[in-house]
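Please walk me through the interface in this model, one selection at a time. I have the viewer open and want to know what to select next and what is there.

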Amino acid sequence: MTKPNDLDMIKRLIGAGEHVPPAIEVLKSELRTDSGVDPPVDPPPGPTVYIIIKWKYYVRVAQLDKFHTFLAKHEGELIADTQGLKIGASYYGTYAELPRTTTHQTLWFYESVAAIDRFKSALSGKKKSSELRKNLKELLSYIDEPSLTMHRLVRASALAGAVARQRRSDPVMDILAGG
Amino acid sequence: MFSQRASYKPTRNLRVRPVPEMRMCFVFTPAAPKLYTLNMSAWLVLTLCDGRSGRDLVDAYATEMAAHLPRDDALREVRAAIGDLEGKGMIVRADKRARAQQKGSH
């Protein structure tokens, strides 16, 4: 059963998030093939961003004003500093979900898979005192970590044919697919 | 049906697995083998079912939700959640559980 200290954690998480009425759902089991798809390394030509990484998280109500003020002051620097690296990685902005504005999403755009690694290297190579690292560190400090989820989005058109190529064999699925 | 006088407890052998990073928990009911997901509010109601009365449960829930909703809404949510938890075999009224245990020992 839930331990007493779980109650504190539950209260903390509830205090940090938006209110949703109680919901209980049956978890239906699914048969899944192990068919994770890796995006092609080289992005196909196209006018839009190739990979978007989205952080979704809550910010405590008590921190909201400070957080939004921080963004108002420093978001422009974050955009300029990431684009200034000229490695195909950029901070695209932090958005608050209406109407309660406790849920936020921060978007990162990458021109290629390699750009993600280049951005990591560029960041670790920067001094701790650099504006970019300081601003990113401050941004992270407002995130209520247990609530953080990360989503990787890839331009769907780049996956044309990729799912069929990468689907691994599964005996049950193969029999069923064979009719 | 929810009663402010009755007290509520989790059913015996109930398995609860917190997944705070996803703001939910998994609950397994061995007596009628099923796996459920509970969101934060439902998880809170289940956790508050520690033998306290329905009235105390509403008080505790309303206190935690005070920033989000008025007491009347809290009462409505607790009433619905208790009905759901009871119907799915996750909680029992404490007196019922005692009776069931007594019956089982004879």
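**The interface, stop by stop**

Select chain A and chain B together: about 2,700 Å² is buried between chain B and chain A, and carbon and sulfur atoms give 66% of that area. Buried area here is the accessible area (1.4 Å probe) that two parts lose on being put together, summed over both. This is a predicted model, in which local features need pLDDT of at least 70, side-chain atom pairs count only at pLDDT 80 or more, and totals for chains, interfaces and linings use all residues. Residues are numbered from 1 along each chain as its sequence is written, chains are lettered from A and ligands numbered from 1 in the order in which they are written, and side-chain values use heavy atoms, with hydrogens and water left out.

Next, select the residues in contact (heavy atoms within 4.5 Å). Chain B has 36 of them, touching 26 residues of chain A.

Now select B:Glu64 and A:Lys11, whose side chains form a salt bridge at 3.6 Å, N to O. The term covers a side-chain nitrogen of Lys or Arg within 4 Å of a carboxyl oxygen of Asp or Glu. The rule finds one salt bridge across this interface.

β2 (15–19), β4 (34–39), α1 (40–48), α2 (54–64) and α3 (71–87) of chain B each give two or more residues to the side that touches chain A. The largest share, nine residues, comes from α1(B).

Finish at A:Ile24, which stands opposite B:Leu38 in β4(B).

Key
Helices (H or I, at least four residues) and strands (E, at least two) are DSSP runs, numbered from the N terminus. Two strands pair if DSSP finds at least two bridges between them.
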